[in-house]
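Hi,

Here is the structure I promised to pass on.

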Amino acid sequence: MMKVNEKQARISADAKPVDQRAARVFGILVLQASRRETITYGELAVQIGLPPKGNNMGMQLGRILGAVFEFCVGADLPYLTSIVVYKSGGDRGIPGGLFWELYVNAGNADFTNASRESKRSVLVELQAEVFNFAAPLSE
């Protein structure tokens with residue numbers, strides 16, 4: 001992977017996700033990551049004008065996050081969508097199934113059916129990459 005400053009230099013006005021909502025989510029995630037914080041699906045949905053829960057929100061947000069994920073892969077950026085997590089339940093603090101499917105499709109180890117503990121262990125590294133990428137943006 002490239003160094004942080006080289007990655008930041010690749011982000012320009014013409015290197016954004018095409019979909020406007022994906023571009024907006026990208027910006028929200030970079031800002032959130034610069035604070036070294038995760039964001040829940042519901043919180044993110046509300047910020048872009050979607051309902052905080054429900055099937056419609058899940059479908060729309062899934063499409064948007066998929067576009068952001070694919071943009072990150074194409075631009076050799078860390079997986080920004082790894083900081084979008086469940087708010088409660090056993091999967092609290094873990095991204096949903098679509099993230100893990102996209103992660104595998106990007107050529108990584110298969111975590112789609114992994115235990116929560118396994119997901120949490122790899123997530124620490126993924127989120128650290130995201131936070132380290134975005135941290136200089138807040139300085």
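The chain has six helices and two strands, where helices (H or I, at least four residues) and strands (E, at least two) are DSSP runs numbered from the N terminus. Read from the N terminus, the order is α-α-β-α-α-β-α-α.

Keep in mind that this is a predicted model, with pLDDT of at least 70 needed for local features and 80 or more for side-chain atom pairs, while totals for chains, interfaces and linings use all residues. Residues are numbered from 1 along each chain as its sequence is written, and side-chain values use heavy atoms, leaving out hydrogens and water.

On confidence: pLDDT is the predictor's confidence in each residue, from 0 to 100. The chain averages 87, and 85% of the residues score at least 70. Residues 1–5 are below 50, and this stretch has eleven contacts in the model beyond near neighbours in sequence; a contact means heavy atoms within 4.5 Å. Residues 7–18 also stay under 50, with 24 contacts beyond four places in sequence. Where pLDDT is low, the predicted coordinates should not be read in detail.

Some totals next. Of the 139 residues in the chain, 44% are buried; buried means under 20% relative accessible area, exposed over 50%, and partly exposed in between (1.4 Å probe, protein chains only). The accessible surface comes to about 7,500 Å², with 50% of that belonging to carbon and sulfur atoms (Shrake-Rupley method with a 1.4 Å probe; for residues, only the protein chains shown count as cover). Among contacts with a separation of 6 or more, 61% join residues 24 or more positions apart.

Now the cores. A nonpolar core here is a set of buried Ala, Val, Leu, Ile, Met, Phe, Trp, Tyr and Cys residues joined through side-chain atoms within 4.5 Å. The largest has 29 residues, and Val25, Phe26, Leu29, Leu44, Leu61 and Leu65 have the most contacts inside it. Helices α2 (20–34), α3 (41–47), α4 and α6 each supply at least two of its residues. Leaving aside residues up to four places away in sequence, Val25 touches Leu44, Ile48, Ile64, Leu65 and Val68. A second, separate core has ten residues, including Ile94, Trp100, Tyr103 and Phe111.

Two of those residues bring us to helix α5 (residues 97–105), where Phe99, Trp100, Leu102 and Tyr103 are buried. Seen down the axis of α5, the buried residues fall within an arc of 160°, so they line one face of the helix; the arc is taken from the directions from the helix axis to the C-beta atoms. Their cover includes α4 (55–74) and α6 (116–134). After α5 comes Gly107, with a positive phi near 95°.

Thr40 sits in strand β1 (residues 39–40) and counts as buried because its relative accessibility is 13%. Beyond residues up to four places away in sequence, Thr40 touches Val84, Val85 and Lys87.

Finally, how many salt bridges are there? The count is one, taking a salt bridge as a side-chain nitrogen of Lys or Arg within 4 Å of a carboxyl oxygen of Asp or Glu. The side chains of Asp91 and Arg116 form the pair, at 2.8 Å from N to O. The two are 25 residues apart and link distant parts of the chain, with Asp91 in the loop between β2 (84–85) and α5, and Arg116 in helix α6. Asp91 is partly exposed at 29% relative accessible area, and Arg116 is partly exposed at 42%.

Cheers
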